[in-house]
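Welcome! Take a look at the model first, then follow the points below.

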Amino acid sequence: MKLVLATALLALAVGLSLVLTELRWFRAEPIARRVGYFLPHARQVRSRAGVLSGASLRELFAPAIGHVAERVSRLLGIQEDVGRRLQRLDLTVTVAEFRLRQATWAGIGALSGALASSLWGASAIFAAAFTVVGAALGFVLIEQRLIVADQGHRASVAREVPVIAEQIGMLIASGYSTIGAVDRVTERGHGLVSRDLRRCILRIRQGASERQAFSEWAELAQVESVTRFVGILALEKESTDLGRLISNEARSMRRALQRELLEHIEKRGQQVWIPVTVAALVPGAIFIGVPFSSALRGFLSG
């Protein structure tokens with residue numbers, strides 16, 4: 001009895017410590033950490049907590065969970081690193097936080113599958129199958145949301161690039177330098193491409209070369225039109241009419257987007273006929289099947 005009581009008191013003390021260390025008035029932070037809140041990497045500074053804290057437990061288990069989740073993503077056919085996708089979407093969520101959220105939903109799915117199998121009274125094999133399927137669905141749900149957001153982001157960038165490229169081409173043709181034209185467009189723009197070009201300008205001001213900054217953008221964006229646009233910008237020192245080249249490339253991008261839009265409209269037009277065809281075939285099959293079955297019964301009985 002004393003051992004049980006001591007264990008319960010110890011568990012209560014540990015749990016109370018974990019709860020109280022999350023409260024700022026309870027724990028005294030050193031001056032370096034308080035100043036660190038205002039640094040560029042404030043998220044990482046805030047995440048550092050005491051030994052007995054929820055943040056420290058997350059930091060302890062996050063690497064193992066992230067490694068397992070990365071292996072599962074590879075098995076599902078997802079080859080691109082999740083960190084690059086989060087960076088492309090400009091999300092404040094870190095890779096560890098994303099993988100922990102994924103593991104949490106996988107655990108919820110596993111518990112839901114186990115609960116459903118127990119309520120159904122399934123055998124051990126079916127209970128294990130329900131648990132694994134629930135965990136997989138929880139894992140894939142979060143991964144699919146990121147994939148859909150990434151695909152939408154790429155599509156938006158592909159639609160914006162021709163407009164931005166055409167504006168930059170006109171400014172260069174009117175006498176602006178390449179960096180001056182890009183800076184001018186990004187000051188007035190508020191889209192995804194303008195945001196990415198502002199990063200390129202910042203990288204150049206930090207000491208990177210123009211080709212390096214734009215190449216990093218193309219590598220991160222993973223959009224064909226961005227790669228082609230960056231390839232034209234790389235010809236700044238080799239071409240005397242860069243503005244005309246950029247304008248021609250922008251028109252080519254517009255034509256490619258127009259072809260893709262027409263293909264999409266044609267596919268949607270074909271998909272409209274699918275429910276109509278099904279609605280016409282099912283009653284027709286019923287009307288044909290009734291006399292056919294009646295004739296077949298008469299033939300068998302005769």
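Let's begin with D90, which sits in the loop between α5 (82–88) and α6 (95–120). Keep in mind as you read that this is a predicted model.

**Loop residues with a positive phi**

- Most residues other than glycine have a negative phi.
- D90 is not a glycine, yet its phi is positive, at about 60°.
- D90 counts as partly exposed because its relative accessibility is 42%, between the limits of 20% and 50%.
- Q222 also has a positive phi, near 55°, and is a residue other than glycine.
- You will find Q222 in the loop between α10 and α11.
- With a relative accessible area of 43%, Q222 is partly exposed.

- E224 belongs to helix α11 (residues 224–233).
- E224 has 62% relative accessibility, so it counts as exposed, the cut-off being over 50%.

**The largest nonpolar core**

- The largest nonpolar core has 31 residues, and those touching the most other members are I168, L197, F214, W217, V226, F229 and I246.
- At least two residues of this core come from each of α7 (124–173), α8 (178–188), α9 (192–205), α10 (210–221), α11 and α12.
- Helix α7 gives the largest share of the core, with eight residues.

Definitions and conventions. Residues are numbered from 1 along each chain as its sequence is written. This is a predicted model: local features need pLDDT of at least 70, side-chain atom pairs count only at pLDDT 80 or more; totals for chains, interfaces and linings use all residues. Side-chain values use heavy atoms; hydrogens and water are left out. Helices (H or I, at least four residues) and strands (E, at least two) are DSSP runs, numbered from the N terminus. Buried means under 20% relative accessible area, exposed over 50%, partly exposed in between (1.4 Å probe, protein chains only). A nonpolar core is a set of buried Ala, Val, Leu, Ile, Met, Phe, Trp, Tyr and Cys residues joined through side-chain atoms within 4.5 Å.
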